[in-house]
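Biologist: I'm new to this one. Could you walk me through how to read it?

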Amino acid sequence: MFTVDEWMNMAPQQVWIDLTAEDIQWAKQQMKGQAYSSPNSYHQIYQNWLCLRLSQRWLEEDLNTSPVPWLSMDELPSVWDVLNGFIVEVQGIRLALIPSDALEVDELRIPQEWVDSPWVADYYVSAQINLEDGWGRILGYAPHKAVKTAAQFQERDRSYCLDQHQLIDDFNVLWVEREVMPNPTPIVPDILPLGAAIAQSLITDLATIKRYSPRLDVPFGQWAALITHSDYRQSLYQHRTTPTIVRLQQWLQGQITSGWNAVQTLAETDFQGAIARGSSSSSQGERLVIDGKVSLRVQIEPVNHAAKDTASSEYRVSIRACLSQPLETAQYLSLSCSGGDEDDCQASTPNDSNLELLPLIGEAGEAFEVTLVLGEQQETVQFML
């Protein structure tokens, strides 16, 4: 891998920004108490907060003026929960920044919402966030016209893709161009508004948590009308992030609870205490809790059944908690369960980053709670078999 200095020598025109402890603390403060629908959404929201912070520092230094997010700070998480990127307005232009934390960024992948909806931007900016080494960089930009004419549209994820070599990496060109020969304001097709009944139906359907964003589950026109409408977008966000009782039997039918992410069933060697009988007989979900600091994994399977059988009246539940970031000084992680069979709910083989309960055996309809404590923070999740 190249050092930062080596990267800078290879790309001297690009903008390099130190990612300071203050930047990280600022982003974490924005995340505090913030709702998110899945671990992937949590990561995306955090990444975009960091990118917003770095872009503000960059533009203030380059232009001596503060960029303004096109939405209020309170509204941004409702976008980032389902969509990557954001727009800032500076000196009368709209810049759409698309962050990535990939180790090597060789293309700019722009979600269609930033190109073909009322959220259209004048310019599209590729940004990279490297948390491990503590830096960010602005790789280059492309005007809207270039995106529409030169980018390759990828139907599978509704994105416009430009190779790195198609981007302009000298931002002085952009600032001068805006003064001498500004580009015309982009024109996009009208988005037909949704009726209230259709919008509510879509919100209900899209509240189910899957491995991918709900933006791909409906035609683009309907999705664009939903996501760019402030009230509809906020309603969708609330439906996807409102805490609910986790009904584990539904997992065996492929219906993962809102706020959880379906994960492949782990083998017994990877999840000690879980008696895995193959991916066909059990279901497992994962959710970040305590401000994203802990990953809670829960697996359910019918007892004495070789395949999924929702008619079974008895189930085995395995529960595991893992730290998603290192412990801070004087912190500890604890995991406990109340309800169900108390004798089966004792922490086993704890260490600094991993706790697991002995499998819980219960009958359909039984309820129990799992409580996690990390330092002075605590979160409880309610379950029903």
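This is a predicted model: local features need pLDDT of at least 70, side-chain atom pairs count only at pLDDT 80 or more; totals for chains, interfaces and linings use all residues.

Biologist: Which residues of helix α6 are buried?

Modeller: First, the general idea: an α-helix has 3.6 residues a turn, so residues three or four places apart point the same way. In α6 (residues 171–180), the buried ones are F171, L174 and W175. Buried means under 20% relative accessible area, exposed over 50% (1.4 Å probe, protein chains only). Those three span an arc of only 95 degrees around the axis, so they sit on the same side of α6. N172 and V180, on the other side, are exposed.

Biologist: What covers the buried residues of α6?

Modeller: The cover includes β1 (15–18), α3 (39–63), β4 (93–100), β6 (123–130) and β7 (135–143).

Biologist: And how many residues does the largest nonpolar core have?

Modeller: In soluble globular proteins, nonpolar side chains tend to be buried together. A nonpolar core is a set of buried Ala, Val, Leu, Ile, Met, Phe, Trp, Tyr and Cys residues joined through side-chain atoms within 4.5 Å. Here the largest has 71 residues, and L95, W114, Y124 and L226 have the most contacts inside it. The element giving the most to this core is α3, with eleven residues. Another core, of 30 residues, lies apart from it and includes W251 and F383.

Note on methods
Residues are numbered from 1 along each chain as its sequence is written. Side-chain values use heavy atoms; hydrogens and water are left out. Helices (H or I, at least four residues) and strands (E, at least two) are DSSP runs, numbered from the N terminus. The arc is that of the directions from the helix axis to the C-beta atoms. Contact means heavy atoms within 4.5 Å.
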